[in-house]
Amino acid sequence: MDLLLSKLMIFIPVVVVVMASTYLSFIGESKVKLNVLFGVSIPLVQLKDESIQNIIKAYKKSLNVITAASLFIQMLLFILIKNVFLMTLICTVVVVLCVYSMSRPYANARKALNLLKHEKAWHVHIEDVVLMDTKVSRIKHTFVVGPIYFIVVILTSVLVFLNLDLVLGVRLSIFMICTLINGISMGFYSINKKSRTKVYSNNSKVNLVINKWLKESSSKMLLLFVVINNVFCIIISFFWLHETILFVVGITALMMYLLITMAVDRKNKVYTSYVLESDDQVLEIDDDKYWKHGTYYNNPYDSALFVRKRNGVGYTINMGTKKGKMVFVTVCIAIVISIALTCYFVILSV
Amino acid sequence: MILQINFCDDTPIYVQLRNQIVIAIGNGTLKYGERLPSIRQIAEDIGSNPMTVNKAFAILKNEGFISIDRRHGAKVNLNFSNSMDFRKKLASEMELTASEASLRGIGEDEFLEMCKDIYKKLKYSSSEMIPSGE
């Protein structure tokens, strides 16, 4: 019973965080980002249209109902199932299903808005063009925090060797994993530094301010990830033999990454909207045809490898480029290998 | 300046680049002495081959709209020639434009008015130009 209680104490917050972040992410979709609503480009002058407001209302209502129902089902499962393994398995499946159900109102709203756009022949001015602000692009590499901060933080990862009670092989493994994650963060830092700047307005000052903010915040977030990664790896090296502590540390690290990403993304969106509200030269761009189902980006004319997602948090891969396809295949292979290895170790431990 | 490159357009990319830079210099968006991004940077950002951008820059340099420094890259230049060759080229292009306008029912007055409106938007008038060699 104690084991069940302790697992519940960990599992319930995880479920709550996942559900809350999914809900917040989807409810944020009812707000207009630039001239995009539910992944559909709409002329800014038409956004006050009554039909659009009705779609937004219906979306919010169905999302609230589905979220409440999902939470109720999960709480019921926590009460009814007593077996820890069974509860973990069923709850994981249910969480995935709930997240999927919560995505349905978005898909329906997008479909309805697309139909409305075609019915009313709302056309956005700029299509099929690649935009570049020469003034911003020329100095884009200066927007990010310097690599020296990363190097200093990464060097602290050698502290995992301090716990002399631990076998050298284990310490080396922790160090290698820590270095791998730091390396991935550095890779993203490099991509962020080189990535092309986005054009929001005909006013170069606006483009400069927003791009600087976005690049700087992304690089600071990556630096924070490296710090968190190193801190948790050092903690793991000291509490290697305490299974519960390791579990808590692992879950906490994942939650922190998720929450930081969401917080940064939200702040970026708020700041971008704030700057664009005061500008009267905002560019309305229509690249709907390059967004398959509003989620997958496939634009062969866009050289960017990663682009900001239209819905949800973070970035997505541009599948229209060779590099994008390569990254996608690599990620798929990595996921398949990690699932296979996890299954292998679970079976081995049983 | 905001470059707008249309990859679906029939106009070659280097011509689009050249034309947009000339217009930006004309209407004052790009100022005299202002630096342009490097060839590689433009090519990366618009997703084209560096040779394409190089071709546009070479044309702009030959026409005197930009000067290229090995250390500082490309800069906007206004020290271009107002030669007879250019006048001939302009006359030939104007002939085509005027013919098209006439065939599409645009009268002489309206055409000249349009030309005046376009000229008013330009920051640099002919008197501000610095003829080469002076």
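Is A:Thr321 buried or exposed, and what is its relative accessible area? A:Thr321 is buried, with a relative accessible area of 13%. Buried means under 20% relative accessible area, exposed means over 50%, and partly exposed lies in between (1.4 Å probe, protein chains only).

This is a predicted model: local features need pLDDT of at least 70, side-chain atom pairs count only at pLDDT 80 or more, and totals for chains, interfaces and linings use all residues. Residues are numbered from 1 along each chain as its sequence is written, chains are lettered from A and ligands numbered from 1 in the order in which they are written, and side-chain values use heavy atoms, with hydrogens and water left out.

A:Thr321 sits in the loop between strand E9 (315-317) and H9 of chain A. Helices (H or I, at least four residues) and strands (E, at least two) are DSSP runs, numbered from the N terminus. Leaving aside neighbours within four places in sequence, A:Thr321 is in contact with A:Asp302, A:Ser303, A:Ala304 and A:Leu305. Contact means heavy atoms within 4.5 Å.

A:Asn211 belongs to helix H7 (residues 204-238) of chain A. A:Asn211 is buried, at a relative accessible area of 5%. Not counting residues up to four places away in sequence, A:Asn211 touches A:Val136, A:Phe143, A:Thr197, A:Lys198 and A:Tyr200.

A:Phe38 is found in the loop between strand E1 (36-37) and strand E2 (40-41) of chain A. Its relative accessible area is 1%, so A:Phe38 counts as buried. A:Phe38 is not a glycine, yet it has a positive phi of about 50°.

**Salt bridges**

Side chains of opposite charge can pair when their charged atoms come close. A salt bridge is a side-chain nitrogen of Lys or Arg within 4 Å of a carboxyl oxygen of Asp or Glu. Over all chains, a search of the whole structure finds 13 salt bridges. Here are some of them.

| Pair | N to O distance |
|---|---|
| A:Asp286 and A:Lys117 | 2.9 Å |
| A:Asp288 and A:Lys117 | 3.0 Å |
| B:Arg18 and B:Glu63 | 3.0 Å |

Take the pair A:Asp286 and A:Lys117, which meet in a salt bridge. A:Asp286 lies in strand E5 (residues 285-286) of chain A and A:Lys117 in helix H3 (residues 84-119) of chain A, so the pair ties together parts that are 169 residues apart in sequence. A:Asp286 and A:Lys117 are buried.

A:Asp288 also forms a salt bridge with A:Lys117. A:Asp288 lies in the loop between E5 and strand E6 (291-292) of chain A and A:Lys117 in helix H3 of chain A, so this pair ties together parts that are 171 residues apart in sequence. The relative accessible area is 15% for A:Asp288, which is buried. A:Lys117 has 7% relative accessibility and counts as buried.

In chain B, the side chains of B:Arg18 and B:Glu63 meet in a salt bridge. B:Arg18 lies in helix H1 of chain B and B:Glu63 in helix H3 of chain B, so the pair ties together parts that are 45 residues apart in sequence. B:Arg18 is buried at 16% relative accessibility. B:Glu63 is partly exposed, with a relative accessible area of 26%. Back in chain A, salt bridges that share partners join A:Lys117, A:Asp286, A:Asp287, A:Asp288 and A:Arg310 into one network.

**Chain B**

How many helices and strands are there in chain B? Chain B has 5 helices and 3 strands. Along the sequence, the pattern is β-α-α-α-β-β-α-α. Chain B has 134 residues, and 31% of them count as buried. Among its contacts between residues at least 6 apart in sequence, 55% join residues at least 24 apart.

Helix H2 (residues 39-46) of chain B holds the buried residues B:Gln41, B:Ile42, B:Ala43, B:Asp45 and B:Ile46. The buried residues of H2(B) pack against parts of both chains. In chain A these are strand E4 (129-133) and helix H4 (134-138). In chain B they are strand E1 (2-6), helix H1 (13-26) and helix H3 (50-63). Just after H2(B), B:Gly47 takes a positive phi of about 75°.

B:Leu112 lies in helix H5 of chain B. B:Leu112 is partly exposed, at a relative accessible area of 42%. B:Leu112 and B:Leu122 are 10 residues apart in sequence and 16 Å apart in space, C-alpha to C-alpha.
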